[in-house]
Amino acid sequence: DAKTTQPPSMDCAEGRAANLPCNHSTISGNEYVYWYRQIHSQGPQYIIHGLKNNETNEMASLIITEDRKSSTLILPHATLRDTAVYYCIVRVVSGNTPLVFGKGTRLSVIA
Amino acid sequence: GAGVSQSPSNKVTEKGKDVELRCDPISGHTALYWYRQSLGQGLEFLIYFQGNSAPDKSGLPSDRFSAERTGGSVSTLTIQRTQQEDSAVYLCASSLNPTGGRTEAFFGQGTRLTVV
């Protein structure tokens with residue numbers, strides 16, 4: 001069962017930052033937050049993950065609140081190719097449980 | 001290979017027939033996942049293999065579905081007596097040993113199954 005809540009859809013103007021929220025109020029201390037995205041007709045693609053510190057890589061930044069009950073994925077300069085469904089997932093660090101995807105947020109980047 | 005490979009890419013079968021879908025994970029990846037995605041829907045977890053542990057079969061929708069992973073590498077998802085509601089894209093993913101949070105999963109392009 002997905003343990004996260006995300007808005008079903010969002011729009012973002014091309015070139016602007018896209019901020020995608022995720023609520024995970026029941027997250028446990030041994031669970032990471034992961035973000036994946038799925039561009040139309042493709043398999044999902046890993047973006048980033050974190051435990052409690054903010055993380056940044058070449059694709060995005062992940063901001064996790066101090067209480068870890070929510071997080072925000074930031075795409076700093078959204079392009080049309082970032083149009084996709086974005087999934088926020090929590091999973092125990094042991095990896096003994098599968099990756100379970102919820103409904104995600106459909107991000108539309110508009111020219 | 002460089003990525004997760006699935007075959008066939010497309011499969012059309014008649015209702016009632018059995019089908020086998022194949023997944024070749026990235027070499028060295030100990031974890032393997034199967035999902036299915038119906039048109040316009042999210043990813044539905046089916047089964048998870050992790051190393052030598054017993055697979056997590058909690059997502060299999062019925063006893064017509066089964067999966068094997070031979071030698072810790074290639075996996076086959078078998079659907080017996082296919083039904084029209086089995087029509088979907090079946091996605092396979094693999095990852096390194098997921099302990100310590102390194103669970104970056106790499107997905108194949110999927111097998112589109114159509115039951116007619």
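Q: In this predicted model, how many residue pairs are in polar contact across the interface of chain B and chain A?
A: Good place to start! The rule finds five residue pairs in polar contact across that interface. Salt bridges between chain B and chain A, on the other hand, come to zero.

Q: Which strands of chain B supply residues to the side that touches chain A?
A: Strand 4 (31-37) and strand 5 (44-50) of chain B each supply at least two residues. Strand 4 gives the most, with three residues. Sorted by class, that side of chain B has nine nonpolar, eight polar and three charged residues.

Q: How much area do chain B and chain A bury between them?
A: The general idea first: an interface's size is often given as the accessible area lost when the parts come together. Here, chain B and chain A bury about 1600 Å², with 53% of it on carbon and sulfur atoms. In terms of residues, 20 of chain B are in contact with 20 of chain A.

Q: How many aromatic pairs does the structure hold, and how is such a pair described?
A: Two things describe a pair of aromatic rings: the distance of the centres and the angle of the planes. Over all chains, the structure holds eleven aromatic pairs. Take Tyr87(A) and Phe101(A): their centres are 5.2 Å apart with 90 degrees between the planes, an edge-to-face pair.

Q: Why does the pair of Tyr87(A) and Phe101(A) tie together parts of chain A?
A: Because Tyr87(A) lies in strand 8 and Phe101(A) in the loop between strand 8 and strand 9, the pair joins parts 14 residues apart in sequence. Tyr87(A) is buried at 2% relative accessibility, and Phe101(A) is buried at 7%.

Definitions and conventions: Residues are numbered from 1 along each chain as its sequence is written. Chains are lettered from A and ligands numbered from 1 in the order in which they are written. This is a predicted model: local features need pLDDT of at least 70, side-chain atom pairs count only at pLDDT 80 or more; totals for chains, interfaces and linings use all residues. Side-chain values use heavy atoms; hydrogens and water are left out. Contact means heavy atoms within 4.5 Å. Buried area is the accessible area (1.4 Å probe) that two parts lose on being put together, summed over both. A salt bridge is a side-chain nitrogen of Lys or Arg within 4 Å of a carboxyl oxygen of Asp or Glu. A polar contact is a pair of N or O atoms within 3.5 Å; within protein, one must be able to donate a hydrogen and the other to accept it, and residues adjacent in sequence count only if both atoms are side-chain atoms. Helices (H or I, at least four residues) and strands (E, at least two) are DSSP runs, numbered from the N terminus. Ala, Val, Leu, Ile, Met, Phe, Trp, Tyr, Cys and Pro count as nonpolar, Asp, Glu, Lys and Arg as charged, and the others, Gly among them, as polar. Rings of Phe, Tyr and Trp (its six-membered ring) pair if their centres lie within 6.5 Å; planes under 30 degrees apart count as stacked, over 60 as edge-to-face and the rest as tilted. Buried means under 20% relative accessible area, exposed over 50%, partly exposed in between (1.4 Å probe, protein chains only).
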